Amino acid sequence: MRFALDDGTALFAYTGGKPWTPGRPTVVFAHGALHDHSVWTLLARWYAHHGHAVLAVDLPGHGRSDGPVPDSVEAMAGRLLALLDAAGAAEVRLVGHSMGALVALEMAARAPQRAAALVLLGMAYPMKVSPALLATAAEDPGRAIAMVNAFSHSGMAAKPSYPGPGTWLHGANAALLHRMQAAAPGNLFAHDFRLCDAYARGLEAAAAVRCPARLIAGIHDVMTPRRATAEIAGALRAEVVDIAAGHALMQEAPDAVLNALRQVIPALRPPGDAP
Amino acid sequence: MPGASDPAFDTLALHAGAAPDPATGARATPLHLTTSFVFESSEHAASLFNMERAGHVYSRISNPTTAVFEERIAALEGGAGAIATASGQAALHLAIATIAGAGSHIVASASLYGGSHNLLAYTLKRFGIETTFVRPRDLDAWRAALRPQTRLVFGESLGNPGLDVLDIPEVAAIAHGHGVPLLVDATFTTPWLQKPFELGADLVFHSATKFLSGHGTVVGGALVDSGRFDWERSGRFPELTEPYAGFHDMVFSQESTVGAFLLRARREGLRDFGACMSPHTAWLILQGLETLPLRMARHVDNARKVVGFLAGHPMVARVGYPELESHPDHALAKRLLPRGCGSVFSFDLQGHRAQGVAFIEALRLFSHLANVGDCRSLVIHPASTTHFRMDDAALAAAGIGPGTIRLSIGLEDPDDLVADLKAALKAAEKAGTR
């Protein structure tokens, strides 16, 4: 559903197949560069059907959410906080992937009293993007999208596939990247990558975070390599859970990601119980 | 993996969707002949049914072996995913039934496989879905046929049997201008010869019975989605953009931005119509797909040699192969099918009907049967078999004459094929002197 913000824009959040219920313990999912909420739908549905309220957002200027696209991770986090205000979500468990992990971290630092848990997937800090890839993203986004799509996957046969059998993950991700790029004014791909590259407040933000934190890392991730998690994990005093996947963790290993998430954000009730 | 680009076609044909089996170490794709899959717990069962987890429940909906085939054909086409079906006809029906219903309208090429023509012209009409057929080369006719109720534009990459080359970029632009997707039957070309998604198509289906399987052993189909068509922006497809009471009030376009079509096709179409592929069939087609690049190259080489022979023979009035300058789509084929125009084509014999009969009956290597895309060479007379329900006008519109013979060139030694044809043409010539 779309939430109207005070500035006259509206942001979309997928609610996991359940109506939005303010006041319930809430899990917020923030996607990565040139993605939208649909990278989270299995997890979002699971939490929505296990006692939580869910907001899997389309970040500003992405997918179904109005622009403009904020010009920094900090501004992106500010807009996400505005969404929580509009939705009436006082305290949330924050889950972010890649660029969305930076946004979640920054949000947990800006409003530590509102963050009950922080889980960062596909996280690296600093999240530097190679100058060559930044240049390609600016000059030939189609080619850069193909490169990032290939870098994001660790193999050709991740099972059981996402969101279900019969999905070719490379093709689905490429289609999503192209759809997001085509729908956005300007070069959203280059913009998102510049945001990741420029974010420099990670350690400062980590020091301000008060809630329990966890990192979930793909051991085959070449976009945000496992070795690049150590400093930020230390600053957050966070355990790093390794999963046999590449950067596209939620797609390549949805069950393993759920199991790792459940240790930090457990189900609130068994399935079938009335909410 | 991972590299700076996705693997190339020949690699995908062998590896996409498959890895050594984690349970047994088996290197080849295991054949999972099972109807059902054990749940780990009640919670696991509920989460699978409610699409909170991905996995297999019942083999009508999905199966591990079938899923490998689905992922592989999607990879070869450059799509987001695929659904394996009981036949090519089931794939066409699934595509239509997912986004059209009573009151919907389809614009289709007139140059179609007879079974597809039957479905559109007669059977779907009974269910309230109307089709307007247009000559595929007439772009104005495609535009003029569109109605507010149009939900799909459909053609064959190479029309059966005249090999009309579908101008996919132009027809896709016409469809997209109207907010509807273009569906392409790519059976004759396979992704080795042409990738319709790269040219602008949105959905592709195959009769996997033909070149994908390649050995004339099984019947199957595949429906592939590019993931590129924006159903929400179109505004014409409430089936995908509004809650579906038949599956948890799911809004498929929100559930998966790029997989909405396949989600509904699987969650509704396979569930309710049930035209699924057997895992055994999927396993056999996978054996074929592994050699698709090798076979298609040989199919095309052999076809060129046979076409060259027939085009110079005095008993042959016409050879309908787009690589010949005489074919009306020669220039288009050079642009859209640079690797070749496949190995199914038709030609017209000189003489009367009895000579046609004599020709077919004199063939020894070619098999007279209703199929194409086999590794063995095949022959058929379309007007009396595959297209027999079409009247003369429809036959003419599809480029079929009463003396048209359709060949599917296999993988035999091309000299043997030419020798067989030469002998049969001689028999036909003799029949004309009686």
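**The sheet of chain A**

Modeller: This is a predicted model. Chain A holds an open sheet of 8 strands, in the order β1-β2-β4-β3-β5-β6-β7-β8, and its pairing is mixed.

Biologist: What makes β1 and β8 of chain A stand at the edges?

Modeller: β1 (2-4) and β8 (239-243) of chain A each have a single partner strand, so one side of each has no neighbour in the sheet. From one strand to the next, the twist averages 25 degrees.

Biologist: How do you know that β3 and β4 of chain A pair?

Modeller: Two strands pair if DSSP finds at least two bridges between them. β3 (residues 26-30) and β4 (residues 53-57) of chain A have 4 bridges, in the parallel sense. That count meets the cut-off, so they are called paired. Thr26(A) stands opposite Ala53(A) of β4(A).

Biologist: Which helix lies across β2, β3 and β4 of chain A?

Modeller: Helix α1 (residues 41-48) of chain A does, running at about 160 degrees to β4(A). Helix α3 (residues 99-110) of chain A also packs on the sheet. α3(A) touches β3, β5 (92-97) and β6 (115-121) of chain A, and makes about 150 degrees with the direction of β5(A).

**Helix against helix**

Biologist: What is the packing angle between α5 and α6 of chain A?

Modeller: About 145 degrees, for α5 (residues 141-152) and α6 (residues 169-183) of chain A, with axes 10 Å apart. α5(A) passes α6(A) in a right-handed crossing.

Biologist: Which residues of α5(A) and α6(A) meet?

Modeller: From α5(A) come Pro141(A), Ile145(A), Asn149(A) and Ser152(A). Those they meet in α6(A) include His170(A), Ala174(A), Leu177(A) and Gln181(A). By class, this contact has 4 nonpolar, 6 polar and no charged residues.

Biologist: How many residues of chain B are in contact with chain A?

Modeller: 48 residues of chain B contact 42 residues of chain A. The cut-off is C-beta atoms within 7 Å. On the chain B side, α3(B) gives the largest share, 5 residues. That side has 19 nonpolar, 19 polar and 10 charged residues.

Biologist: How are the domains of chain B bounded, and how far apart are their centres?

Modeller: Domain 1 of chain B covers 9-289 and domain 2 covers 292-433. Their centres, taken over C-alpha atoms, are separated by 29 Å. The contact takes 33 residues from domain 1 of chain B and 37 residues from domain 2 of chain B. On the domain 1 side there are 15 nonpolar, 12 polar and 6 charged residues.

Biologist: What are the confidence scores?

Modeller: Chain B has a mean pLDDT of 95, and 99% of its residues reach 70 or more. For the model, ipTM is 0.96 and pTM is 0.96.

Technical notes. Residues are numbered from 1 along each chain as its sequence is written. Chains are lettered from A and ligands numbered from 1 in the order in which they are written. This is a predicted model: local features need pLDDT of at least 70, side-chain atom pairs count only at pLDDT 80 or more; totals for chains, interfaces and linings use all residues. Helices (H or I, at least four residues) and strands (E, at least two) are DSSP runs, numbered from the N terminus. Axes are lines fitted to C-alpha atoms, for helices over the stretch in contact, and angles run from 0 to 180 degrees between N-to-C directions. Two residues are in contact if their C-beta atoms, placed from the backbone, lie within 7 Å. Ala, Val, Leu, Ile, Met, Phe, Trp, Tyr, Cys and Pro count as nonpolar, Asp, Glu, Lys and Arg as charged, and the others, Gly among them, as polar. pLDDT is the predictor's confidence in each residue, from 0 to 100. A crossing is left-handed if the near helix is turned anticlockwise from the far one by less than a right angle, and right-handed if clockwise. Domain bounds come from an automatic or database domain assignment.
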